[in-house]
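Here's a quick tour of a protein model, from the overall fold down to a few rings. Have a look at the structure first, then read on.

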Amino acid sequence: MPPARLLALAPVLLSLPASAQQVIVGAAAPAAGPEAAWFIGAGIGLMLALLGGLIAVLHRSIRRAAEWCGETLPGASAAEVQQARLKAFALVQAMPLGVPEGTVRACIGLFIIVLGIAAIVFQRQLGLGTTGELAGLLGTVLGFYFGTRTSAGEREAAREATRTAAEKTAAAEAATRRAEAVVAREGEIRAEAARAAEREAEARSTLGEAERIAGNARRIAEVVAEVAPDLPLARTAARVATLADSAIAVARSAAGGTADEGSVAEAAHRAASLVAEIRGEDPLAKLVSGAAGGLAGALKGAAGLASAVGGPLGLAGAVLIGAAGAFRIGTEHYRRWVARVLDRPYGLDLYPDGLTDAAIALAALETAPIFRRVYGEAILVPRDLAAARALLAAALSPEAAALIPAGGGALRPAPVGEGGAFATTIELEEGIQQFRRAVLERILDQADSAPVTVTLPDRTIAVPQATLRQAVDAAREDPGGAAALDQLALVGAKLAREPGVDVAASLARAAEGTS
């Protein structure tokens with residue numbers, strides 16, 4: 001309430017003494033004289049005027065101070081001054097009558113005290129009863145007022161403490177939530193970083209695998225193109241070599257460690273696409289598939305033998321892997337292996353100089369049909385070691401065809417022709433080749449008699465060397481099978497020079513193409 005309105009109520013308050021007299025002591029009290037009543041009323045009015053003036057002065061001073069605070073902000077703009085002034089006015093308007101809290105209550109307390117003292121002093125003139133009654137009434141009013149204020153203060157303090165505690169609790173909960181949010185966010189960031197690192201590691205692993213596969217495919221393509229330069233397969237090999245170069249370039253460009261995650265992932269995707277295209281055009285798989293097709297017809301009449309070597313695909317894989325294994329043992333061993341598997345002419349350069357091993361001669365004699373018929377009874381029963389060594393030396397001599405029929409001595413050869421041991425000169429030469437081939441097999445088995453292990457899509461088989469020889473002997477009866485064996489043996493030997501070539505993967509893709 002503005003101070004002007006409070007002062008306007010002063011005339012109304014002048015009648016309070018008489019009213020107080022009626023309320024306190026009842027109608028039986030004698031009426032006070034007019035002089036005393038006006039005197040008391042004037043005192044009360046003066047008191048109210050002083051209180052009102054004090055409130056007005058305080059209100060004006062505080063309002064002016066608020067304006068001054070807004071105007072004297074150092075370096076403040078007009079908008080900041082206006083904002084500060086509005087805040088100050090808002091504080092003033094929130095005060096009771098525009099003065100600090102408690103001012104109005106203090107004035108009311110003073111008014112009550114002054115009024116009570118005046119009533120006590122002028123009790124006889126006002127007819128207000130005894131001093132004890134007035135003092136008791138005054139004490140009751142003041143006690144109730146200040147007791148109420150004390151209780152209200154305590155309650156306000158309790159409410160303020162509760163409010164402060166609630167605010168602190170809310171602030172603590174908010175801080176806890178913020179901390180939890182920060183921790184959760186940090187966890188998400190770490191998890192995302194871990195996922196990004198995992199994705200990048202996976203992409204780099206894909207790049208490394210793509211480079212390995214591309215390098216393997218390039219070496220295979222070069223070998224196939226060299227073995228079959230005039231075949232359509234050479235064009236496929238050239239295309240695979242180009243794709244492999246592209247995949248290797250992509251893998252190495254992203255392997256430097258400077259590319260970001262997106263670039264590495266994109267490079268890995270492109271490298272994987274190139275690898276998929278390389279696998280679809282695998283020249284070795286196509287070569288094995290074609291060879292298996294040529295060997296299928298040759299093995300039709302030998303069902304048991306075909307099953308023992310895993311069918312045409314198993315035989316093709318055994319020749320390919322066997323050639324590579326023979327080359328790793330040594331060049332001489334590989335030459336002997338190829339000569340035996342491909343049934344090439346058995347030149348004397350395939351045999352060690354001065355070979356006179358009687359055990360090898362006897363074992364070869366048992367498996368060479370023509371020589372067994374001619375010399376079996378004379379050398380094998382009883383086992384004539386000297387005659388076996390003599391036969392071996394004669395068969396490995398450049399003049400073998402001339403020495404064996406006319407060898408004399410321990411050989412006891414029969415003449416060629418009608419009634420002789422050898423029906424014709426051709427049979428004699430064929431017998432010499434059979435015996436040399438049997439000797440070569442014994443030399444090969446001494447160096448390496450382990451079976452050839454071939455991994456097929458449905459199983460892994462171990463093909464013994466003797467079974468492999470029987471199968472290739474049967475396959476050579478077919479022209480297509482003989483040509484396929486030539487290519488496989490040459491490719492296997494050349495791949496043996498390339499470390500780390502994955503032949504098994506090409507065999508698996510060849511099986512998919514022939515299934």
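Helices here are DSSP runs of H or I with at least four residues, strands are E runs of at least two, and both are numbered from the N terminus. On that count, this predicted model has 22 helices and two strands.

Now for the overall picture. The protein has 515 residues, and 37% of them are buried. Its exposed surface comes to about 27,400 Å², with 60% of that supplied by carbon and sulfur atoms. Take the contacts between residues at least 6 apart in sequence: 70% of these join residues at least 24 apart.

On to the rings. How many aromatic pairs does the structure hold? There are three, and two of them share phenylalanine 371:

| Pair | Centre to centre | Angle between planes | Geometry |
|---|---|---|---|
| Phenylalanine 371 and tyrosine 375 | 5.5 Å | 70 degrees | edge-to-face |
| Phenylalanine 371 and phenylalanine 435 | 5.3 Å | 25 degrees | stacked |

Because phenylalanine 371 lies in helix H16 and phenylalanine 435 in helix H19 (residues 425-447), their pairing ties together parts 64 residues apart in sequence. Phenylalanine 371 has 0% relative accessibility, so it counts as buried. Phenylalanine 435 is likewise at 0% and counts as buried.

Put together, ring pairs link Phe371, Tyr375 and Phe435 into a cluster.

Key:
Residues numbered from 1 in each chain as written. Predicted model: local features only at pLDDT ≥ 70, side-chain atom pairs only at ≥ 80, totals over all residues. Heavy atoms only, no water. Buried < 20%, exposed > 50% of the residue type's maximum accessible area, 1.4 Å probe, protein only. Contact = heavy atoms within 4.5 Å. Areas by Shrake-Rupley, 256 points an atom, 1.4 Å probe, with all protein chains shown as cover. Phe/Tyr/Trp six-rings, centres within 6.5 Å; stacked < 30°, edge-to-face > 60°.
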